Amino acid sequence: MKEILFATKNKGKLREVRQIAINSELLILSLNDFPDIPDVLETGNSFEENAIIKAKEYFNIFKLPCLTDDSGLMVEQLNNQPGIFSARYAGVNATDEDNNRKLISELNSFSEPHKAKYYCVAVYADDSNIITDHGEILGTITNYPKGKNGFGYDPYFIPEGYDCTMAELDADTKNKISHRFQAFNKLFNRLKSEGVIK
């Protein structure tokens with residue numbers, strides 16, 4: 001098994017990516033396995049810049065092949081906000097509930113449908129490679145939360161072609177359609193085809 005670090009403390013993301021990589025010969029660690037490691041500041045102006053910054057920094061710290069992602073919600077009526085600020089939309093230490101409350105408040109002055117998309121950039125970095133891929137899923141934002149699964153904006157996001165929110169989908173269904181699945185599935189396939197992983 002090849003050890004690889006997925007540079008996240010988010011257990012939901014970690015669970016999703018481990019499931020995507022289940023047929024790869026990888027032991028995927030996370031930052032939860034290494035307490036007292038400082039967070040890398042996301043100083044980029046795009047999802048890709050932020051993901052690459054994190055991948056390079058954490059590779060330099062651990063000297064392990066490193067996976068990172070940057071992902072978020074982009075709402076058409078809000079000029080694609082919250083975008084790269086999705087995790088801290090309501091402030092640096094905002095909870096999912098804080099962020100969702102702000103999102104719905106911002107959308108109150110707009111009529112439905114609130115068109116949106118989830119977008120993700122996935123990055124792999126080692127001593128000789130920086131490889132990126134991306135995924136997205138289109139949908140709309142509902143004014144009322146539904147479902148207990150998922151995290152982030154999932155209770156408010158209705159994927160295109162469905163009549164329920166991401167938080168109402170079971171984990172298997174969500175993993176098959178999510179922006180993160182698309183990004184990491186494409187990334188793992190590229191890594192395999194290029195012989196970087198098995």
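**Close-up views of aromatic pairs, cysteines and strands**

View A. At a relative accessibility of 25%, Phe34 is partly exposed. Here buried denotes under 20% relative accessible area, exposed over 50%, and partly exposed the range in between, with a 1.4 Å probe and protein chains only. The model is predicted: local features need pLDDT of at least 70 and side-chain atom pairs count only at pLDDT 80 or more, while totals for chains, interfaces and linings use all residues. Residues are numbered from 1 along each chain as its sequence is written, and side-chain values use heavy atoms, with hydrogens and water left out.

**View B. Aromatic pairs.** Six aromatic pairs are present in the structure. One of them, Phe6 with Phe184, is edge-to-face, with 5.5 Å between the centres and 75° between the planes. Because Phe6 belongs to strand E1 (residues 2-6) and Phe184 to helix H5 (residues 179-193), this pair ties together parts that are 178 residues apart in sequence. Phe6 is buried, at a relative accessible area of 0%, and Phe184 is buried, also at 0%. The pair of Phe34 and Phe62 is tilted, because its ring centres are 4.7 Å apart and its planes stand at 55°. Phe34 lies in the loop between strand E2 (26-30) and helix H2 (47-62), and Phe62 in helix H2, so the pair ties together parts that are 28 residues apart in sequence. Phe62 is buried, with a relative accessible area of 16%. Phe6, Phe184 and Phe188 form one aromatic cluster. Rings of Phe, Tyr and Trp (its six-membered ring) pair if their centres lie within 6.5 Å; planes under 30 degrees apart are stacked, over 60 edge-to-face, and the rest tilted. Helices (H or I, at least four residues) and strands (E, at least two) are DSSP runs numbered from the N terminus.

**View C. Lys102 and Tyr89.** The charged end of Lys102 sits over the ring of Tyr89, 4.4 Å from the ring centre. The criterion is NZ of Lys or CZ of Arg within 6 Å of the ring centre and within 35 degrees of the ring normal.

**View D. Cysteines.** The structure holds zero disulfides (pairs of cysteine sulfur atoms within 2.5 Å). Cys66 is in no disulfide, and the nearest cysteine sulfur, that of Cys120, is 14 Å away. Cys66 is buried at 0% relative accessibility, and Cys164 is buried at 16%.

**View E. Strands E1 and E2.** E1 and E2 run parallel and are joined by five bridges; strands pair if DSSP finds at least two bridges between them. Ile4 stands opposite Ile28 in E2. Four of the five residues of E2 are buried, so E2 is largely enclosed by the rest of the structure.
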